[in-house]
Amino acid sequence: MHVVATAGHVDHGKSTLVRALTGTDPDRLAEEQARGLTIDLGFASTVLPSGEGVAFIDVPGHVRFLKNMLAGVGAVDACLFVVAATEAWKPQSEEHLRILELLGIDHGVVALTKAGLVDDEHLALARLDVADHVADSFLEGAEIIAVDAPTGVGTADLVAALERLVATTPTAIDRDRPRLWVDRAFAARGAGTVVSGTLAGGTIRVDDELVVLPRRRPVRVRGLQSLHADRTEVGPGNRLALNLAGIGHDSVTRGDVVVRPGQWHETRTVDASLSVLAGLTHPVSRRGAFVAYLGAGEFPVRLRVLGPDALHPGSTGLVRLHLPTALPLLPGDRYVLRESGRAETVGGGEVLDVDPVVAAARARPDRSVERVVAERGWVHADELERLTGEQRPPDTGSWVVDPAARAETVAAVRAAVAAAGPLGLDVAALDDRGRAVLEGLDDIVVEHGRATKGPVVDPLAGHPYLAALAAEPFTPPAPDGVDRDELRELVRRGLVVAIDGLFFTPDAIDAAALTVAILLAAHPKGVTVGQVREALGTSRKYAVPLLAHLDATGRTRRRGDLRIGGPRLTGPESDPSPPV
Ligand SMILES: Nc1nc2c(ncn2[C@@H]2O[C@H](COP(=O)(O)OP(=O)(O)OP(=O)(O)O)[C@@H](O)[C@H]2O)c(=O)[nH]1
Ligand SMILES: [Mg+2]
């Protein structure tokens with residue numbers, strides 16, 4: 001289903017057109033019937049020949065009822081823009097177009113009504129006039145269909161244009177986060193409280209436990225209807241009537257919101273963009289009594305311009321809005337701003353931040369999730385979704401953390417572990433963030449609830465050449481097939497010792513030194529290369545360079561053909577030999 005709102009100046013034929021298209025008179029109030037004037041929103045639907053369902057929200061054109069018009073257009077996909085050929089472009093044609101544009105509606109078709117009351121030349125001029133006025137708006141290039149209700153001329157063309165319109169209008173997105181702004185609430189005989197609205201963001205089912213905001217009244221869905229048919233579930237982008245248990249019809253009103261509990265950040269302060277209408281005759285500053293139209297509601301707001309003191313007509317800036325009650329809002333929600341004192345539409349924009357944490361003097365809101373994270377440093381992933389509508393996987397515990405804030409905590413944890421010394425730091429002494437960071441630190445070991453600095457793990461420690469050397473410590477294999485850079489790095493890190501083009505592990509050299517020490521204990525006058533070679537079970541090819549290395553590192557000394565202990569030789573009882 002697509003939901004299409006009418007728009008246009010008073011008396012231009014919106015309701016007549018809806019009745020012609022659906023067979024239902026959207027003017028349901030007795031007063032509307034008597035005065036031939038739409039006062040409040042009207043609803044009617046039809047199924048197009050293509051099989052697509054279209055629900056119309058018929059809005060009043062009279063400027064006095066503009067707030068009712070605003071309640072109806074907050075969640076629609078597209079518009080049926082009505083201009084009477086007899087009068088052409090009028091003030092509320094302009095105002096409605098601006099409002100739709102501020103609300104981000106970007107699909108529509110234009111009906112040039114009362115075509116039978118003007119001659120062809122006049123009709124052609126009216127068409128040019130309309131095309132002129134919608135240029136540079138979302139309706140630029142939209143189809144303009146001349147219709148005449150009494151004779152039915154043009155109705156079939158309009159139906160065809162509506163089919164093309166709904167075919168090109170994207171269907172509503174299901175984010176599993178349903179939100180229904182209530183545009184009607186009433187008591188239905190035998191059913192109790194019924195609220196209706198245009199559903200966005202997700203599906204609502206019978207028996208769902210929901211909450212009515214801002215009063216936070218828990219309710220249960222007793223039944224639901226769409227297009228007058230009972231349903232067990234209704235998805236986003238549909239008109240929906242909810243029969244609610246748990247609330248009296250006088251406790252819920254237009255502008256209230258029905259949502260799932262726990263899915264929304266309820267806010268009384270938002271940062272938003274504000275595009276000031278070019279036709280305004282004065283700048284917008286904090287002075288003035290403003291009303292914001294959000295969803296189907298009308299809320300008196302206090303406003304502060306962020307940055308400059310005032311925003312000039314035709315410009316776009318940033319504002320902070322203070323609401324009278326907490327509402328379930330998300331970045332991307334659109335609003336229209338009116339000044340109640342002057343009864344004029346000032347402009348409107350997009351919610352950018354539903355929980356500003358930076359002081360107004362410094363706040364520079366935008367839609368970026370990274371900004372929200374950076375301004376907080378640490379934010380729980382589920383909270384971040386409530387604040388932005390976006391899902392980001394947590395990177396530290398259950399948090400999404402700004403890199404700078406994480407680095408700060410990592411440094412603090414490392415310092416605390418270092419200060420705790422060899423006994424280690426009691427992990428319970430860290431806060432949740434510190435513990436979450438600890439889990440990701442490779443250089444810190446947690447045992448029995450205490451964190452200590454762990455051994456430095458060398459990424460090359462598991463290198464296969466090391467294993468090959470360890471298997472044959474005194475007849476070490478040549479480094480065939482070992483990457484030259486890796487070999488150089490193994491040597492640089494001391495994992496491998498290079499001696500005259502041969503490679504040994506440091507353990508092999510220590511073991512050779514120990515073997516020499518043991519031999520010397522039995523032969524205090526000295527040992528020959530042959531004795532050492534035999535003791536190590538190797539050949540001269542390896543024994544000679546090994547002994548040369550022991551000489552060079554002070555563990556043995558040459559005396560003629562013999563080796564005696566050097567100053568650094570460690571004996572079998574691990575007593576250093578006395579210097580000779
Ligand atoms: N001749 C002719 N009269 C029309 C046509 N469309 C509407 N009218 C008449 O114009 C008058 C106003 O029509 P509505 O449909 O009530 O106009 P509206 O735009 O809904 O008016 P508001 O809701 O008050 O803004 C009624 O008397 C209609 O009969 C048309 O195409 N041709
Ligand atoms: Mg009407």
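This briefing describes a magnesium site, the surroundings of a ligand, and several strands and sheets of one structure.

The structure is a predicted model, in which local features need pLDDT of at least 70 and side-chain atom pairs count only at pLDDT 80 or more, while totals for chains, interfaces and linings use all residues. Residues are numbered from 1 along each chain as its sequence is written, chains are lettered from A and ligands numbered from 1 in the order in which they are written, and side-chain values use heavy atoms, with hydrogens and water left out.

**The magnesium ion**

- The magnesium ion (ligand 2) has Ser15 (OG) and Thr38 (OG1) as its protein donors, at 1.9 to 2.0 Å; donors are N, O and S atoms within 2.8 Å of the metal (3.2 Å for Na, K and Ca), and water is not among the atoms, so sites may look incomplete.
- Ser15 counts as buried because its relative accessibility is 13%, and Thr38 counts as buried because its value is 9%, where buried means under 20% relative accessible area, exposed over 50% and partly exposed in between (1.4 Å probe, protein chains only).

**Around ligand 1**

- Ligand 1 has 17 residues around it, of which Lys14, Ser15, Thr16, Thr38 and Gly61 come nearest, a residue being near a molecule or strand if one of its heavy atoms lies within 4 Å of it.
- An oxygen atom of ligand 1 lies 2.8 Å from a backbone N or O atom of Ser15, and an oxygen atom of the ligand is 3.1 Å from a polar backbone atom of Lys114.
- A nitrogen atom of ligand 1 lies 3.1 Å from a polar side-chain atom of Asp148.

**The six-stranded sheet**

- Six strands form an open sheet with mixed pairing in the order E2-E3-E1-E4-E5-E6, and two strands pair if DSSP finds at least two bridges between them.
- The edges are held by E2 and strand E6 (144-146), each of which has a single partner strand, so one side of each is left without a neighbour in the sheet.
- From one strand to the next, the twist averages 25 degrees; axes are lines fitted to C-alpha atoms, for helices over the stretch in contact, and angles run from 0 to 180 degrees between N-to-C directions.
- Strand E4 (residues 78-84) pairs with strand E5 (residues 108-113) in the parallel sense over six bridges, and Val82 stands opposite Ala111 in E5.

- Strand E16 (residues 266-276) runs antiparallel to strand E19 (residues 316-328), joined by nine bridges, with Val270 opposite Leu321 in E19.
- E16 also pairs in the antiparallel sense with strand E21 (residues 344-353) over four bridges, with Val276 opposite Gly347 in E21.
- Strand E25 (residues 444-447) and E26 run antiparallel and are joined by four bridges, and in their hairpin, which has two residues between the strands, His448 takes a positive phi near 50 degrees.

**Ser226**

- Ser226 has its place in strand E11 (residues 217-226) and counts as buried because its relative accessibility is 1%.
- The side chain of Ser226 reaches the backbone oxygen of Arg239 at 2.6 Å.

Conventions: A polar contact is a pair of N or O atoms within 3.5 Å; within protein, one must be able to donate a hydrogen and the other to accept it, and residues adjacent in sequence count only if both atoms are side-chain atoms.
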